[in-house]
Amino acid sequence: MTQEIHRLDAEVRLRPVTPGDAAALAVALTRSRAYMQPWEPVRPDFFYTEQGQRERLAGLLADRDAGRGMPWVLADEEDRAIGGFNLNAIVLGPFRSATLGYWVDVEYVGRGLATAAVRRICEVARDGLGLHRVEAGTVTDNLASQRVLTKCGFEQYGTAPRYLHINGEWRDHRLFQRILHDGPPTG
């Protein structure tokens, strides 16, 4: 699976993640830790270090190489990672589906970058991977993420009680999906 670079605005691009992004991701995640806490699992301090990110990226890149995932970062004008976007659990065959996850550095929130990136990733999922659908889940009170998804054509299709352990407790999630096309599976 190939990934391209996509310009989202004058300063920010969506590009494939590289092992060299570990340091910048550690900085952005540390800066955004308190902001994202209500919507994230409790993570050990090691997660917020360069080595912690290096290990996480190794797993994401292994999934990419195995065809199970596609990881991207938002990169600023100096090519520093300021957010992460992942298509996970890619399944081909008759299912042709993946799960989307994403976050944006607190200093870049509110600029429409998540919406632009999710739109672009859905195009890649449809045109590059031939996926039929992409799904995403949000904690029920994560209204900003829900707005991103609905702006990008996702529809809520259910609620999952106690779906993920987020911020120290099992939290209900709203489940969203976007049907990308209704053609037959390809490839």
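Visitor: Aspartate 76, buried or exposed?
Guide: Aspartate 76 is buried, at a relative accessible area of 2%. Buried means under 20%, exposed over 50% and partly exposed in between, using a 1.4 Å probe and protein chains only. This is a predicted model, where local features need pLDDT of at least 70 and side-chain atom pairs pLDDT 80 or more, while totals for chains, interfaces and linings use all residues. Residues are numbered from 1 along each chain as its sequence is written, and side-chain values use heavy atoms, leaving out hydrogens and water.

Visitor: Where does aspartate 76 sit?
Guide: In the loop between strand E3 (70–75) and strand E4 (81–91). Helices (H or I, at least four residues) and strands (E, at least two) are DSSP runs, numbered from the N terminus.

Visitor: Which backbone nitrogen does its side chain reach at 2.8 Å?
Guide: That of arginine 80. The backbone nitrogen of glutamate 78 is 2.9 Å from a polar atom of the aspartate 76 side chain.

Visitor: Switching to H2, which residues are buried there?
Guide: Gly52, Gln53, Leu57, Leu60 and Leu61. Viewed down the H2 axis, the buried residues fall within an arc of 165°, so they line one face of the helix; the arc is that of the directions from the helix axis to the C-beta atoms.

Visitor: And what covers them?
Guide: The cover includes helix H1 (22–36), E3 and E4.

Visitor: Last one: what does glycine 101 touch?
Guide: Beyond residues up to four places away in sequence, glycine 101 touches Gly84, Phe85, Asn86 and Asn88, contact meaning heavy atoms within 4.5 Å. Glycine 101 lies in strand E5 (residues 97–104).

Methods: Polar contact = N/O pair within 3.5 Å; in protein donor to acceptor, adjacent residues only side chain to side chain.
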